[in-house]
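Visitor: Could you walk me through this model, one feature at a time? I would like the general idea before each case.

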Amino acid sequence: MTESGSKLRIFKILKIIISSLLITVLLLFTIAAIRTLSLDVNAGLQLAHWEKTNNKSLVIDHHQREELLANFKEAIRIPTVSFSNTEINTTALLEFDRFLRKAFPTVFSSSLVHHELVGNYSHLFWVKGSQPELVPYMLLAHIDVVPASESDGWEAPPFSAKEIDGFIYGRGTIDDKNSLMGILQALEYLLLKGYAPRRGFYIGLGHDEEINGLNGAMNIVRVLKQRGVQLLFVMDEGLTISDGIIPGLEGPAALIGLSEKGQATVKLSVSVAPGHSSMPPRETSIGILATAVKRLEDNPMPRLFGYGPEGDTFEHLAHKFSFPLKFIMSNLWLFSPLLSRILERKPVSNAFVRTTTAVTFFNAGVKINVIPSLAEAYVNLRIHSAQSVEEVLDIIKDTVGDQRVKVELVYGFDPLPISGADEKAFGFQIIKKTVLDLFPTVTVAPAICVGNTDSRHFIDLTKNIYRFSPAWFKPGDLERFHGINERISTKNYEEMIVFYFNLIQNCDIRKLPEPHSSVHEL
């Protein structure tokens with residue numbers, strides 16, 4: 001074959017390859033464009049014919065508004081702080097018990113409601129339904145709060161419940177006495193209106209959620225198990241309504257947690273012979289451990305975006321973004337790696353992408369002129385749905401890569417199962433309907449809860465656990481969670497009461513409607 005013939009053959013092969021690539025790109029672009037224009041994850045149940053019910057309406061008058069706000073403020077003023085597994089404010093918990101009985105007399109006196117104390121300080125309510133064949137559900141909230149000190153920079157004392165410019169400030173206003181008081185206030189109003197549920201339900205109020213719920217939620221679960229109770233779904237705190245927090249998203253979004261991350265507390269320790277600071281070795285225990293910690297921070301856990309419910313979150317929100325983000329989020333099958341790189345740039349969104357690693361304690365040294373024999377660091381990890389505690393431990397050991405550093409699991413549990421969010425998922429669709437009825441401009445999407453809740457203890461009682469409260473979070477509000485200046489607007493607290501008032505009634509339908517259309521899938 002001549003040289004010109006060889007060049008011609010190479011040219012033809014290159015032409016075929018380039019043409020094939022162009023055709024492939026064009027085909028992928030066409031498929032992506034069609035999906036972008038046709039994807040409607042919200043089609044279906046919201047258009048369907050829901051079972052007719054004679055729901056009672058709630059219009060809060062001036063007197064009721066003053067009373068419900070006074071009750072809520074009194075709840076905030078009781079410092080039900082959980083400091084540690086061995087230190088909780090039992091005096092405040094007993095005071096809170098007395099307060100609840102005073103604030104909600106109808107709940108505690110109604111023949112429809114059975115109340116009992118569990119684990120000395122937690123509360124379990126059973127509201128009997130008129131149709132016992134309907135499987136009951138459960139609403140959860142917790143009484144305890146994390147510590148807070150005015151010296152940290154609060155605008156108002158953290159247990160003052162002071163009202164400033166329409167906001168009530170105080171520890172517990174968003175975690176989690178807003179939900180607790182909202183649920184009980186809604187039930188109080190329903191009972192006063194003569195409401196009797198068709199579908200029975202439970203309300204569980206744990207007293208030690210902030211220290212893992214070992215005596216509160218776990219004892220409530222034990223009681224229900226002994227009685228053979230199975231639940232249709234559980235709804236607890238977790239995610240909220242985000243307004244202006246997700247960059248590029250047009251309008252607010254109600255994110256309903258289908259799962260929550262796992263958790264692990266890992267201790268790293270280095271033990272060497274002690275010595276005098278005047279004759280230091282080349283590496284001290286602190287230096288060795290500091291190097292190990294730096295390796296963990298420099299080498300984050302692998303990106304796992306798309307392997308958990310977080311992919312569905314962005315597909316549900318895609319239609320509320322402008323191009324090109326709408327195009328990207330409608331086609332995560334193609335752009336998932338690109339989006340995950342964008343999300344990992346900020347701490348808030350990075351939590352959706354991977355297992356997060358946070359060094360929270362570093363202990364070493366006993367005297368200024370003594371080289372310490374022992375150095376310890378504690379690492380808190382929030383584990384992505386696609387990983388396990390065991391896998392995370394293996395990665396830590398490989399990343400540290402130093403036999404002198406001992407790696408020990410102090411406490412941990414795997415990520416929780418992912419609950420349903422399709423058209424047959426009763427709990428999800430009821431929550432979604434209740435949100436849209438009250439807030440019609442809000443977009444509803446499934447999501448992953450990056451924190452942990454009492455609801456994780458209930459996995460043996462139901463396959464469907466949802467983490468959501470209708471609290472509105474605007475830019476800057478996420479930092480108030482366990483931070484300073486925790487607050488809620490009086491308007492939003494009132495909305496929460498109306499939400500639970502409607503949710504309880506919406507659960508009375510026997511079954512979900514048949515959808516008019518189904519979700520488009522590629």
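Guide: Gladly. Two strands pair if DSSP finds at least two bridges between them; helices (H or I, at least four residues) and strands (E, at least two) are DSSP runs, numbered from the N terminus. This is a predicted model, where local features need pLDDT of at least 70, side-chain atom pairs count only at pLDDT 80 or more, and totals for chains, interfaces and linings use all residues. Residues are numbered from 1 along each chain as its sequence is written, and side-chain values use heavy atoms, leaving out hydrogens and water.

Visitor: In what sense do S6 and S7 pair, and over how many bridges?

Guide: S6 and S7 (residues 167-169) are antiparallel, joined over 2 bridges. Isoleucine 164 faces phenylalanine 167 of S7. The open sheet has 3 strands in the order S6-S7-S19, with antiparallel pairing. Its edge strands, S6 (163-164) and S19 (487-489), each pair on one side only.

Visitor: Which helix packs on the sheet, touching S6, S7 and S19?

Guide: Contact means heavy atoms within 4.5 Å. Axes are lines fitted to C-alpha atoms, for helices over the stretch in contact, and angles run from 0 to 180 degrees between N-to-C directions. Helix H2 (residues 62-77) touches S6, S7 and S19, and its direction makes about 25° with that of S7. Helix H14 (residues 490-506) also lies across S6, S7 and S19, at about 75° to S19.

Visitor: Where does the charged end of arginine 487 sit?

Guide: A charge sits over a ring if NZ of Lys or CZ of Arg is within 6 Å of the ring centre and within 35 degrees of the ring normal. For arginine 487, that ring belongs to phenylalanine 167, with its centre 3.8 Å away. Likewise, lysine 433 has its charged end over the ring of tryptophan 50, 4.9 Å from the centre.

Visitor: How many aromatic pairs does the structure hold?

Guide: Rings of Phe, Tyr and Trp (its six-membered ring) pair if their centres lie within 6.5 Å; planes under 30 degrees apart count as stacked, over 60 as edge-to-face and the rest as tilted. There are 16 such pairs. One of them joins phenylalanine 439 and tryptophan 472 edge-to-face, at 5.3 Å centre to centre with 80° between the planes. Phenylalanine 439 lies in the loop between helix H13 (426-438) and strand S17 (443-449) and tryptophan 472 in strand S18 (residues 465-473), so the pair ties together parts 33 residues apart in sequence.

Visitor: Is phenylalanine 439 buried or exposed?

Guide: Buried means under 20% relative accessible area, exposed over 50%, partly exposed in between (1.4 Å probe, protein chains only). Phenylalanine 439 is buried at 7%, while tryptophan 472 is partly exposed at 21%.
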